[in-house]
Amino acid sequence: MKVFAILNVVAWMGFWAFGYIALTSPELTTNQLTIAALLAAVGFAIGMLSYLRLSNAARPFTPVLKEEG
């Protein structure tokens, strides 16, 4: 789980950094803008997947009991 936690932090950091660059830099060429947007999208995808993995692991296990009858 520690690997997923580190991956989560690094991925979200990449998402915010490259997303900010893609949205606010006026001097970017089309290729640079596309690369920044793609890196932000990859950071978002990896961040979401690792977050979902961590949140699923943190959920307590509750067994389902069958009713006798």
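**View 1. Overall dimensions of the protein chain.** The protein chain has a radius of gyration of 19 Å, whereas a compact globule of 69 residues would have one near 11 Å. This radius is taken over C-alpha atoms, and the globule rule is 2.2 Å times the number of residues to the power 0.38. The model is predicted: local features need pLDDT of at least 70, side-chain atom pairs count only at pLDDT 80 or more, and totals for chains, interfaces and linings use all residues. Residues are numbered from 1 along each chain as its sequence is written, and side-chain values use heavy atoms, with hydrogens and water left out. The C-alpha trace spans about 70 × 25 × 15 Å along its principal axes.

View 2. The protein chain contains two helices and zero strands (DSSP runs, helices being H or I of at least four residues and strands E of at least two, numbered from the N terminus). Of the contacts (heavy atoms within 4.5 Å) with a separation of 6 or more, 70% join residues 24 or more positions apart.

**View 3. The nonpolar surface patch.** Phe 18, Tyr 20, Ile 21, Ile 35 and Leu 39 form a nonpolar patch with about 480 Å² of accessible area together (Shrake-Rupley method, 1.4 Å probe; for residues, only the protein chains shown count as cover). Such a patch joins nonpolar side chains (Val, Leu, Ile, Met, Phe, Trp, Tyr) within 5 Å, from residues with over 30% relative accessible area and no salt bridge (a side-chain nitrogen of Lys or Arg within 4 Å of a carboxyl oxygen of Asp or Glu). Helix H1 (2-24) and helix H2 (30-58) each supply at least two of the patch residues, and the largest share, three residues, comes from H1.

Terms used: Patches are made of residues with over 30% relative accessible area and no salt bridge: like charges are joined within 9 Å, nonpolar side chains (Val, Leu, Ile, Met, Phe, Trp, Tyr) within 5 Å.
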